[in-house]
Amino acid sequence: MSFLKGKTALITGAGRAVLSDGRCGSIGYGIATAYAKEGANLVITGRNVKKLEDAKEELERLYGITVLTVQADVNAGADNEAVVANVIQKTMDTFGRIDVLINNAQASASGVPLADHTTEQFDLALYSGLYAAFYYMKACYPHLKETKGTVINFASGAGLFGNFGQCAYAAAKEGIRGLTRVAATEWAKDGINVNIICPLAWTAQLEQFEKAYPDAFKENVKMPPAGHYGDSELEIGRVCVQLASEDFKYLTGETLTLEGGMGLRP
């Protein structure tokens with residue numbers, strides 16, 4: 001449909017990953033694909049340069065858009081404001097605008113019980129997820145205010161349900177949920193739409209986990225009520241496209257939760 005043509009979306013954690021059947025194998029890449037199909041130019045970040053370059057090659061070739069890749073890693077040992085400022089500067093130099101910010105990047109040491117978690121493992125989750133969302137939102141705010149843009153953050157059922165072995169991940173995601181609600185309240189007057197999604201997507205990581213540890217997979221990964229896991233592009237990516245559309249501007253100042261990749265509810 002190309003209704004996002006001329007707009008720029010910044011997506012963190014969007015390196016290329018595919019499932020064994022060829023479908024998008026990560027949430028970030030699924031979102032990037034959905035946006036590319038609508039004609040948006042993309043800025044994608046991540047730690048793995050090869051995955052970013054692979055994503056750029058495929059998305060530009062298939063959809064005729066422009067993709068800017070920027071290696072970026074928000075972590076406890078970095079000058080993170082400078083890391084994010086570099087991404088924003090390159091974005092503005094290339095495209096001159098930011099219409100959508102999607103904070104998807106997240107790393108964690110899942111499977112480690114709380115009593116065994118180290119400070120380094122806790123920092124990994126907080127910096128890659130919560131701090132990254134904070135820094136990107138702050139840096140993008142003036143540009144999103146100018147375009148009356150959209151922020152889409154990602155939380156998780158791990159915090160809602162207290163998943164075993166995910167204390168740092170859950171803490172980071174619950175922090176992102178709170179940050180999102182505050183931004184939705186504070187930025188509504190600026191015409192910036194801020195929402196959060198809590199997905200359960202079928203990803204390449206889950207696919208590999210099921211094959212390598214079938215018993216652990218059955219114990220820890222629960223099937224959503226709809227009877228299937230979310231498709232990274234067709235369900236989660238398409239919802240992200242919808243949230244950036246003019247049809248959702250009336251929801252400015254609200255937050256929506258997408259649970260299990262299956263639907264929206266206020």
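Biologist: What makes the contact between the side chains of Glu233 and Lys37 a salt bridge?

Modeller: In this predicted model, the side chains of Glu233 and Lys37 have N and O at 2.6 Å, and a salt bridge is a side-chain nitrogen of Lys or Arg within 4 Å of a carboxyl oxygen of Asp or Glu, so the pair qualifies. The two residues lie 196 residues apart, Glu233 in helix H9 and Lys37 in helix H1, helices (H or I, at least four residues) and strands (E, at least two) being DSSP runs numbered from the N terminus. This is a predicted model in which local features need pLDDT of at least 70 and side-chain atom pairs count only at pLDDT 80 or more, while totals for chains, interfaces and linings use all residues. Residues are numbered from 1 along each chain as its sequence is written, and side-chain values use heavy atoms, with hydrogens and water left out.

Biologist: Why is Glu233 called buried?

Modeller: Glu233 has a relative accessible area of 11%, and buried means under 20%, exposed over 50% and partly exposed in between (1.4 Å probe, protein chains only), so Glu233 is buried. Lys37, with 36%, is therefore partly exposed.
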